[in-house]
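Here are my notes on the model you sent over.

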Amino acid sequence: MATLVLLRHGESVWNAEGLFTGWVDVDLSAKGEGEATNGGDLLLDADITPDVVHTSMLKRAIRTANIALDVADLLWIPVRRSWRLNERHYGALQGKNKAQTRAEYGEDQFKVWRRSYDTPPPPIDDKDPLSQVNDLKYAALPSELIPRTECLADVVDRMLPYWYDAIVPDLAAGRTVLVAAHGNSLRALVKHLDDISDEEIAELNIPTGIPLVYELDDDFAPLKRGGAYLDPEAAKKAIEAVKNQGAGSRGAAAKPAGAPKSAPKAAPPAKRLGRKAPKKK
Ligand SMILES: O=C(O)[C@@H](CO)OP(=O)(O)O
C-alpha cells in the first residue's frame, strides 16, 4: 500500500482575476497563500507526513508546496520538479478573461475549449509575449516539446511518463508522495487513477489548496475511487466555484457558438512573467 497526496496550488492572481493561465507563471494571491497554509494544517491534522514532493515548474505550485510543507515543518524533504506536471497549456487563450471569452464565443465553444477532452484551444503564436518558447525554465527542452496549446488528452500523454518514471518508483519504495500541481494536470492524473471516461472527466474539477489523499494498492490503483479530500465540505464548495468560473455577469450575453478562426489577442502582462532564455549562439 502507498499514500499519494494531490494538492492543487492555492488561488493565483490570475485565478482571482478570472483569466486563463496555463503555462504563464503567475504567483499566488494573498488568498492563495492562505489556502496553501491551510493545506499544510490539514496535512498536519491528518498526521500525513510526505517523504518526497513532486511539483511542476510553475511558481504557484512550487510556492504552495513550500508554504504547506513549511507549516508541517517538512521543508527539508526531497523535491523534484517537472514540466510534465505543468498546467495545461491554454494556447491563444492564455491571458484572456474567461467571462469575456464565454460572452464572445458562446457557452458551447467556451465549454469545448475549457473542458472537452480532445479539442485544444487555438495555438499561441511563438512571438506572443505569453508564449513559453523562449522561457529559461524550458531551455533544456527541445522546442517541439514546448506546447503551443494542449487539450486534456495531450496533458495525459505528457504527464503519464512522469507518473510511471518518477512518481511510481517513489510509491513503490514505500514513500508517501505529495504532488503539488494544477487543476488540469491533476485532472489528467485523477482520470488515469480512477479510470474516468473521456466524457465524464469534463465534469470533474479540482479545488485549490485542499489535499486529496489516495491510498493505492500494490498495482498503484486507488483502494477508494476518487480518493478523499482532507476537508470534504470545503472541497465541495470550492469544486462548484471552479466549475462556475467564467459564468460571471460579463458571460451572460453569449453569442451563438461558432467556430472562431482564432482567439482574441491578450493584453500584455503588467509584470514580467518568466525569465527569457539567453539567445542561442
Ligand atoms: O486558467 C487555467 O490555467 C486553469 C486553471 O486555473 O483554468 P480552468 O479551470 O478554466 O481550466
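1. **Ground rules.** This is a predicted model, in which local features need pLDDT of at least 70 and side-chain atom pairs count only at pLDDT 80 or more, while totals for chains, interfaces and linings use all residues. Numbering starts from 1 along each chain, as its sequence is written.

2. **Overall fold.** The protein chain has eight helices and six strands (DSSP runs numbered from the N terminus: H or I of at least four residues for helices, E of at least two for strands). Read from the N terminus, the order is β-α-α-β-α-β-α-α-α-β-α-β-β-α. Of the 281 residues, 43% are buried; here buried means 20 or more other C-beta atoms within 10 Å of the residue's own, exposed means 12 or fewer, and partly exposed is in between, with C-beta atoms placed from the backbone. Among contacts with a separation of 6 or more, 82% link residues 24 or more positions apart (a contact being two C-beta atoms, placed from the backbone, within 7 Å).

3. **The annotated pair.** UniProt, in an unreviewed entry, lists H9 and E87 under "active site". Its positions are given in the numbering used here, feature names are shortened, and annotations may be inferred rather than shown by experiment.

4. **H9.** You'll find H9 in the loop between β1 (2-8) and α1 (13-17). H9 is buried because 32 other C-beta atoms lie within 10 Å. Setting aside residues up to four places away in sequence, H9 touches L28, G32, R60, A61, T64, A180, H182 and T208.

5. **E87.** This one sits in the loop between β3 (79-81) and α4 (98-105). E87 is buried too, with 27 other C-beta atoms within 10 Å. Beyond four places in sequence, the contacts of E87 include T21, W23, L58, H182, G183 and N184.

6. **Ligand shell.** Which residues are around the ligand? They are N15, F20, T21, G22, E87, Y90, R114, G183, N184, V242 and Q245, taking a C-beta atom, placed from the backbone, within 6 Å of the molecule as the cut-off. By class, that gives three nonpolar, six polar and two charged residues (Ala, Val, Leu, Ile, Met, Phe, Trp, Tyr, Cys and Pro count as nonpolar; Asp, Glu, Lys and Arg as charged; the others, Gly among them, as polar).

7. **Helix α7.** Residues 183-194 form α7, and its 12 residues should span 16 Å at 1.5 Å a residue, which agrees with end C-alpha atoms 16 Å apart (the expected span being 1.5 Å times one less than the number of residues). Nine of the 12 residues are buried, among them G183, N184, R187 and K191. The cover over these buried residues includes β1, α6 (152-172), β4 (177-181) and α8 (232-243).

8. **Positive phi values.** Just after α7, D195 has a positive phi of about 55°, although D195 is not a glycine. D195 is exposed, with 11 other C-beta atoms within 10 Å. F220, in the loop between β5 and β6 (228-229), has a phi near 65°, again positive in a residue other than glycine. With 17 C-beta neighbours inside 10 Å, F220 is partly exposed.
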